Amino acid sequence: MSRKSRAALVSVCSNISLIIMKLVAGLISGSVSIISEAIHSAMDLVAALIALFAVKKSDLPPDEHHPYGHDKIENVSGVIEALLILLAAGWIMVEAIGKLLNPSPIESIGWGVLVMVISALVNTVVSAYLYKVAREEESVALAADALHLKADVLTSAGVAAGLGGIWLASLFGYSLAILDPLVAIGVALFIVKEAIAMLMEAFHPLIDRSMSPEELAMTSRIITDCCPPGADFHDLRSRRAGRRRHIDFHLTLPPAMSIGEAHTICDRIEEAIMQQLPHAIVLIHVEPDEQSGALAATPC
């Protein structure tokens, strides 16, 4: 099992445990904010399962039907995960508004706070682990899954604070039960914000968006540094697919240069780019700087 798959499996197991805890605490206490967190964790579980499938699929080598590999499956996974989060947020809003219009007392607040604190601590650890693996493996699916759990950390902390406020108010004879659905609504709005950001990040590579300006500038510097005197390049293009970066450009070389020399230069450029962008796939189109030159146009 690959490192990415192990990380995704850790997320699946942690989410299953937290869903059970939150559902039990929510049903015992009657807190809609805790139940909303259970729904959020259920969406996290679905997202973790999708991420697990995506990272396994994306690691498959190119084949006859997918000559450019399977990397974009991670972007598809991220889009689906974002849409699921938006669906969960909508459900939480409906439940919270219903509870706001028809409030009911909350029982066993202490257990609810304890479960939310445990949830926040567990997700903090798992999210940090997923972010670490996602950065090192450049996995869009794991980054999306980590973002789910990061949102869960903040929302769990918010629910715990809301329940704590209700408990403190009850000690002085006041009822702040309305705070529970209000916190749930705040949770939903935060989830919507995070989901939209994730949706945009995952979707852009599906329409072959270019690398970042910083990566393009770095690539241009590398090409320039590797070019011999009299050489130049133009038409630099790039696109993202999961952790892959597809880069192509035209390299203009002196017409008297041999094919072997040109190929050596291409190899040097490719190796230099891949040192900085390990998962890059570089395609270079070599052409002479004069129409009648001896160097034929050929890809390296």
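A salt bridge is a side-chain nitrogen of Lys or Arg within 4 Å of a carboxyl oxygen of Asp or Glu. The legends below describe close-up views of a predicted model.

**View A. A salt bridge joins Lys4 and Glu74.** The side chains of these two residues, Lys4 and Glu74, meet with a nitrogen-to-oxygen distance of 3.0 Å. Lys4 belongs to helix H1 (residues 3-29) and Glu74 to helix H3, so that the pair, 70 residues apart, links distant parts of the chain. Across the whole structure, a search finds nine salt bridges.

**View B. Helix H3 packs against helix H6.** Helix H3 spans residues 73-101 and helix H6 spans residues 179-203, and their axes lie 8 Å apart at an angle of about 165°. Because an angle over 145 degrees counts as roughly antiparallel, H3 is described as roughly antiparallel to H6. The crossing of the two helices, H3 and H6, is left-handed, and the residues in their contact comprise, by class, 25 nonpolar, two polar and three charged.

**View C. Strands E2 and E3 pair in the parallel sense.** Nine bridges connect strand E2, made up of residues 244-253, with strand E3, made up of residues 280-288. Within this pairing, Phe249 stands opposite Ile284, a residue of E3.

**View D. Helix H8 lies on the path from strand E2 to strand E3.**

How values were computed
Residues are numbered from 1 along each chain as its sequence is written. This is a predicted model: local features need pLDDT of at least 70, side-chain atom pairs count only at pLDDT 80 or more; totals for chains, interfaces and linings use all residues. Side-chain values use heavy atoms; hydrogens and water are left out. Axes are lines fitted to C-alpha atoms, for helices over the stretch in contact, and angles run from 0 to 180 degrees between N-to-C directions. Helices (H or I, at least four residues) and strands (E, at least two) are DSSP runs, numbered from the N terminus. Angles under 35 degrees count as roughly parallel, over 145 as roughly antiparallel, 65 to 115 as roughly perpendicular and the rest as oblique. A crossing is left-handed if the near helix is turned anticlockwise from the far one by less than a right angle, and right-handed if clockwise. Ala, Val, Leu, Ile, Met, Phe, Trp, Tyr, Cys and Pro count as nonpolar, Asp, Glu, Lys and Arg as charged, and the others, Gly among them, as polar. Two strands pair if DSSP finds at least two bridges between them. A crossover is right-handed if, with the strands pointing away from the viewer, the path from the first strand over the helix to the second runs clockwise.
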